[in-house]
Amino acid sequence: MITTDMLEALFVGNYDFEEIEKSRNVFCPFEAVGMVRQEIRHAHFLAYCFDPQRPHGFGSECLRSLMRAAAVAQRLSNGGGTQGQITPIDVHLMDFEKTQIRREWNGIDLLVIVNEEKLIAAIELKIDAREHSGQLGRYRKIVSEQWPASEGWRHIFIFLTKHGDDVSDDGGDWLALHLTAVAGELDDVVERQVGSPEARSLLASYLAMLRRHHLTDDHLEELAARLWSQHREALDFLVERRPDASDGISGMIYHEQADIAARMSEASGLDIVPDDSSARLMRFAIRSWDDLPDFLTARGWTASNRLMLIEIQRSNDRRHLRMRFVLGPGEQATRLRYYRALENARLPVSSRREITGQWTRLATVRLASDVDDQVDPEAVFEIVKRKIMEYAEKTVPAYDAVLNGLRQSVDDK
């Protein structure tokens, strides 16, 4: 039973809550001009910062940060994008001062031309939109023809998204790069006080806006986890009474997640429980997996530290509702062990048939389309629940059988 004292403990004199509130109560020029979700304006701003010829005082440091993030991601993805393979030491030694940055050249969001190094980096940026059919393959062909490898040019194709989205088979050697990685590198530019004060302040505001609206802020995540741990009853009370929390199919799933977890358990024959969730993204865990080898070693994801969870989430364009397993961030050798076991068993894994560096989406199915335009959301919700149970009945036990083999292989040793 929630009491007034419990709500007061959450809001009155609570340092953690005040710090989260303070992080949201700031003036942001990017929010003021309405660019938070306008992909084209994100690309304009980043192109300006990456361009060494612009009068911001950063020189080539922002561009070097981008390329260093890409080099690290290549290494983590087991050599993804091998045609333009670069290493962090390559990036450190490269001369970027005369680099050309082109916007929307043949439709490519950002094109980086490093003549001195005979290197071309094509960057496709996605904030909320998704990859268009054939888009990445077409861009790769255009770049390869304009700057042929036969003449010594190296190409690196970067698919830059806020979720590190998987690249379709058509994307081939495009590298999935998480905006969080680039933001982390750009933080270092700000902290080293590179660039003019005005440009540095603007870049810091941009990075803060990204974390408020698109990325994960580790410190705020820690505060939020602590608040949930100490004030769960009060927060549950507020979430359940949020005016729009039950709107739409996602809200319906969130409101009934405990019942859905119980029904998934019945369908799969496994103990499935809710994990950290919101009305936008619901997560479920298979409890018996907790004692799998190195399973509770995920970093910077959920409070449970589980390495693999089931997620139900809207697509980036918010049109579709999808369900999938997600292999979270952690030690790459451990992630590879789990991924290879599933792949070798010929189970459905990533759409790009390769493991990514942080969040790898596995066995994705679409539960519903046009979720905001449904005339009868209740009827669609019933269809969605049936599809969830089908996933629980067929895909979950198949994954469980393979992962149990990992436990057995450790026991045999």
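View 1. A search of the whole structure finds ten aromatic pairs, and one of them joins F30 and Y206 edge-to-face, with 5.3 Å from centre to centre and 70° between the planes. Rings of Phe, Tyr and Trp (its six-membered ring) pair if their centres lie within 6.5 Å, and planes under 30 degrees apart count as stacked, over 60 as edge-to-face and the rest as tilted. The model is predicted, so that local features need pLDDT of at least 70, side-chain atom pairs count only at pLDDT 80 or more, and totals for chains, interfaces and linings use all residues. Residues are numbered from 1 along each chain as its sequence is written, and side-chain values use heavy atoms, with hydrogens and water left out.

**View 2. The stacked pair of W289 and F325.** These two rings lie 5.7 Å apart, centre to centre, with 25° between their planes. W289 is buried at a relative accessible area of 0%, and F325 likewise counts as buried at 0%. Both belong to one aromatic cluster that also includes F295, Y338, Y391 and Y399.

**View 3. The surroundings of R335.** R335 counts as buried, because its relative accessibility is 0%. A polar atom of the R335 side chain lies 2.6 Å from the backbone oxygen of G328.

Conventions
Buried means under 20% relative accessible area, exposed over 50%, partly exposed in between (1.4 Å probe, protein chains only). A polar contact is a pair of N or O atoms within 3.5 Å; within protein, one must be able to donate a hydrogen and the other to accept it, and residues adjacent in sequence count only if both atoms are side-chain atoms.
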